[in-house]
Amino acid sequence: MRNLLMLAAIAALTAGATPTAAQVAQDQAGDRAIVVPKDKSAAFRLDYPASEIVVAQPDTLSLVATTDRSFYVRGKQLGATNILVYDAQHRLAQVVDVRVGYDVEGLRGDLATALPGEHISAVNFAQGILLTGEASTSAVAARAAAIAERYAPKAVESDLVVRSAQQVQVDVRFLEVSRSAEKDLGISVNVQSPSGFSFSTAPGLVSGSPPQGTLSLHTNIGPVTIDAALEALENKGAIRNLARPTLVAMSGQEASFLAGGEFPYPVPNGQNGVSIDFRQFGVQLRIVPTVEPNGQIQLKVAPEVSQLDPADGLNIQGFRVPALTIRRTTTQVELRDGQSFAIAGLFQRDYANTVNQIPWASDVPILGALFRSSQWKRNESELVIIVTPHLTAPSDRIEDLPNPLARSSEATALDVILDGKTARPAPHDPEAALRPGPASAAPRPAPPPPPMPVASAAPTGAANP
């Protein structure tokens, strides 16, 4: 009884939380197991009077006796320990295993409030929380894990089964228009006399390109020979680049796309060693679609368009490494099935002019034009990216999937030799008009979309083409 009196004295001096009902399990040997939430208390009652109660790990659990047949414990830190109970004859009567874990009862109540109708359960598992059961969508599963993270930061493991895992088909269109204009005018003069006097200017155009047209003059003024040439070049062009990737990803998962390549990039390794790394360039896209409970599709889009630029490259231990010209943006939008948005205004303009001239002589009015060559050059490019998401499902018919060879077949040797054909048209299929168009999966029908929103990513001060 002396030990019980000491425990009662400790109970009078110790302030603890109000005891709650413990989660108790009892095996055939009479031993019990208690799960106690951290920073909370649980009550325990014995069927016999006890003379002494010992806690194996006092740092994990604190114990307060109320009578010789009852006590309560309070979880101090995460972990496991046990309680040794001695009877009135001071014999070991019982060993109680105690696990101090997270407040899963409170978590279950919050999950039922935030996600009504979902069959989600939470239990303490391996110093963390394990979520089990079923979730209606992947968005519900993600929200349940986020709620559990508030109880057990970075200690949540989810084994939830999503009943209707949703897939999103994202149609992306890259539209880029590049326009260039260049004018190059070069004048060369060569004057020679038998007396040894000579005068000449640099031949050719400033750009070093072959001229498109040349006007030459050869004459003699007495013994003096004069050769003059006027070279002209004008370039104009427009390039239209288009990439049409279609990506399918699970809700919440990332899909990526690259149409380009990789170039070797030497990296110094030690004093004389060089290792080779590879850098990607071209049209790249990373996208993460997430289907919200209300049916909206949240999109995280990160497109990038890059190309090699040898003019701004550098030399690394004898290797010429090109630079990269990159246009990159990141945005996050929310759309309904079938709606579209555009990232526009990625506009770039380069302008340069060069004049090569003879000092002083080129400053002479009118005649000074004979002593200089000039070049004018301008490059413009604009990029537009259009994204359209669809809720989709796998197709049950292989005929509905895209087939790039459906419209043509392999040419025979006679077709190539006699007709010069590299492909033969596919035989007419009368049922082709009855089948849906090529698609990687069958999108679900959606109402007509409202006017397309435009997300502008134009840099400050950018001009329109």
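Predicted model: local features only at pLDDT ≥ 70, side-chain atom pairs only at ≥ 80, totals over all residues.
Is Arg328 buried or exposed? At 54% relative accessibility, Arg328 counts as exposed.

The protein chain has 465 residues, and 32% of them are buried. Its secondary structure consists of four helices and 29 strands. Considering contacts with a separation of 6 or more, 63% are between residues 24 or more positions apart. The accessible surface amounts to about 28,000 Å², and carbon and sulfur atoms contribute 54% of that area.

I turn now to charged pairs. Side chains of opposite charge can pair when their charged atoms come close. Seven salt bridges are present in the structure, and I shall discuss three of them, including the one made by Arg328.

That salt bridge joins the side chains of Glu304 and Arg328, with an N to O distance of 2.7 Å. The two residues are 24 positions apart and link distant parts of the chain: Glu304 belongs to strand β21, residues 297-316, while Arg328 belongs to strand β22, residues 319-328. Glu304 has 15% relative accessibility and therefore counts as buried, the limit being under 20%. Arg328, at 54%, is exposed because the threshold for that class is over 50%.

The second salt bridge is formed by Asp87 and Arg91, whose closest N and O atoms lie 3.3 Å apart. Here Asp87 is buried, at 12% relative accessibility.

How values were computed: Residues numbered from 1 in each chain as written. Heavy atoms only, no water. Buried < 20%, exposed > 50% of the residue type's maximum accessible area, 1.4 Å probe, protein only. Contact = heavy atoms within 4.5 Å. Areas by Shrake-Rupley, 256 points an atom, 1.4 Å probe, with all protein chains shown as cover. Salt bridge = Lys/Arg side-chain N within 4 Å of Asp/Glu carboxyl O.
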